[in-house]
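The structure is shown first, and the description follows.

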Amino acid sequence: MTDDLASFEAETLARIGAAGDLAALDAVRVAALGKNGALTALMKGLGAVAPEERKARGAALNAAKDALTQAIEARRAALADAALDQRLAAERIDVTLPPRPEAQGLVHVISRTVEEIVAVFGAMGFTVAEGPDIEDDWKNFGALNIPEHHPARQDHDTFYLPGRTADGREKVLRTHTSPVQIRTMTGGPPPIRVIAPGRTYRADHDATHSPMFHQVEGLAIDRHITLGHLKGCLVDFLRAFFGIAHLPVRFRSSYFPFTEPSMEVDIGWNRRTGELGSGGDWLEILGSGMVHPKVLLNCGIDHTEWQGFAFGMGIERVAMLKHGLTDLRPFYDSDIRWLRATGFRPEDVASTATGIA
Ligand code: PHE
């Protein structure tokens with residue numbers, strides 16, 4: 001019987017050592033020390049043992065129980081350590097690995113061009129003004145000296161919107177940024193120096209026209225502004241914007257209802273190669289003129305005291321010229337390949353890229 005106990009203990013110790021995980025270990029414990037376990041059964045049988053052997057037998061059983069309990073505890077601790085080690089190994093993070101590059105957005109060529117224009121005019125003391133895309137026909141046409149039934153209203157292929165404004169005017173998608181002239185002049189007294197970049201709309205769609213496009217308006221009103229200021233300002237701007245110090249600039253007499261005199265501005269380029277700055281050909285780039293006295297009066301400004309110049313320029317046009325882009329349509333297709341090829345890194349600040357000193 002003593003031998004039986006010794007071999008049972010040795011066998012159970014071996015099984016404890018072999019238990020590969022906590023569940024297996026617990027099975028060994030239950031089989032030996034559980035309510036119906038082998039050692040428990042032996043202890044229950046103690047009463048049947050002859051009284052002279054009982055004491056020694058009881059001590060031996062207790063010793064075996066202690067030994068097994070200790071061995072189980074030790075094994076449990078070892079298995080728990082091993083499990084933790086395994087988990088730590090599995091969850092290990094190599095902090096020295098470089099991060100995966102994040103997808104980076106780029107600045108659209110239109111946004112970039114607006115930033116560049118704002119940077120150049122900002123250096124000349126102009127601030128940015130804004131107006132809404134939906135205008136009333138008074139600010140888009142009437143106040144600009146474009147009367148009802150004037151051909152300019154048809155020329156602009158205007159999108160009219162349903163309904164009327166609170167003061168009963170027709171609603172249009174602005175066909176140019178010139179209504180911002182009206183908003184600025186009625187919004188506060190001169191002197192004024194603003195540029196107003198923004199979206200404009202005309203019902204026109206082909207390779208060089210989009211029904212939505214961008215313009216930038218310029219307006220300078222002061223007491224002694226002359227055509228000379230207009231010319232100097234625009235020549236400086238165009239040379240800084242295109243980064244060509246001797247870019248040829250030509251002022252050509254024209255007509256706009258809201259300026260008098262009016263001039264269209266051309267820059268020198270090579271029609272064959274598309275190269276700017278030389279080649280003997282001319283390319284129309286913007287409209288300009290001295291603000292018409294009627295427009296000043298429409299805005300409550302005394303035209304005998306104040307005068308100034310205004311200009312309007314298509315942003316897509318100058319962006320395409322500057323960056324050698326030949327098709328307008330992909331500008332608004334949101335094709336990620338085109339955007340990647342033409343986009344600008346946001347950290348490249350526009351003002352440092354222009355030629356303005
Ligand atoms: N608004 C004119 C256009 O869209 C441009 C312009 C603006 C001309 C200001 C003169 C002065 O064509």
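## Report on the predicted model

Asn145 is found in the loop between helix H6 (137-140) and helix H7 (151-155). The model is a predicted one, and in it Asn145 has a positive phi of about 70° although this residue is not a glycine. Most residues other than glycine have a negative phi, and most peptide bonds are trans.

### Domains

The domain assignment divides the protein chain into domain 1 (5-90) and domain 2 (109-342). The C-alpha centres of domain 1 and domain 2 are 93 Å apart.

Within helix H3 (residues 38-44) lies Thr40. Leaving aside residues up to four places away in sequence, Thr40 touches Ala32, Leu33, Gly34 and Lys35. Thr40 and Ala89 are separated by 49 residues in sequence and by 40 Å in space, C-alpha to C-alpha.

### The seven-stranded sheet

An open sheet of 7 strands has the order S1-S5-S6-S10-S9-S8-S7, with mixed pairing. Strand S1 (127-128) and strand S7 (249-256) are at the edges and have a single partner strand each, so one side of each is left without a neighbour in the sheet. Strands of a sheet pair through backbone hydrogen bonds, either parallel or antiparallel.

Strand S6 (residues 212-222) and strand S10 (residues 307-314) run antiparallel and are joined by 8 bridges. Along this pairing, Gln215 stands opposite Gly314 in S10, and Leu219 has Ala310 of S10 as its bridge partner. Helix H8 (residues 179-187) packs on the sheet, touching S5, S6, strand S9 (281-291) and S10, and its direction makes about 35° with that of S6. Helix H5 (residues 109-123) lies across S1, strand S5 (192-201), S6 and S10, and runs at about 165° to S5.

S10 also pairs with S9, in the antiparallel sense, over 5 bridges. Here Ser288 stands opposite Phe311 in S10.

Apart from residues up to four places away in sequence, Tyr255 touches His150 and Ser262. Tyr255 and Gly289 are 34 residues apart in sequence, with 8.7 Å between their C-alpha atoms.

### The three-stranded sheet

A further open sheet consists of 3 strands in the order S2-S4-S3, and its pairing is antiparallel. Its edge strands are strand S2 (134-136) and strand S3 (160-164), each of which pairs on one side only. From one strand to the next, the twist averages 35°. S2 and strand S4 (residues 170-173) run antiparallel and are joined by 3 bridges; Ile134 has Leu173 in S4 as its bridge partner.

### The ligand site

The ligand is surrounded by 14 residues, of which the closest are His176, Ser178, Arg202, Gln215 and Gly312.

| Residue | Ligand atom | Distance |
|---|---|---|
| Ser178 | nitrogen | 2.9 Å |
| Arg202 | oxygen | 3.0 Å |
| Gln215 | oxygen | 3.0 Å |

On its own the ligand has 320 Å² of accessible area, and the protein covers 90% of this. Gln215 belongs to both parts of this account: its side chain has a polar atom 3.0 Å from an oxygen atom of the ligand, and the residue stands opposite Gly314 in S10.

### Cis peptide bonds

The peptide bond from Pro190 to Pro191 is cis, with omega near 0°. Pro191 is found in the loop between H8 and S5. Both of these elements also take part in the packing described above, where H8 touches S5.

Glu260 and Pro261 are likewise joined by a cis peptide bond, with omega about -5°. The place of Pro261 is in strand S8 (residues 259-269), and S8 stands between S9 and S7 in the strand order.

Key. Residues numbered from 1 in each chain as written. Predicted model: local features only at pLDDT ≥ 70, side-chain atom pairs only at ≥ 80, totals over all residues. Heavy atoms only, no water. Pairing = 2+ DSSP bridges. Helix = DSSP H or I, 4+ residues; strand = E, 2+ residues; numbered from the N terminus. Contact = heavy atoms within 4.5 Å. Axes fitted to C-alpha atoms, helices over the stretch in contact; angles between N-to-C directions. Domains from an automatic or database assignment. Near = heavy atom within 4 Å. Polar contact = N/O pair within 3.5 Å; in protein donor to acceptor, adjacent residues only side chain to side chain. Areas by Shrake-Rupley, 256 points an atom, 1.4 Å probe, with all protein chains shown as cover.
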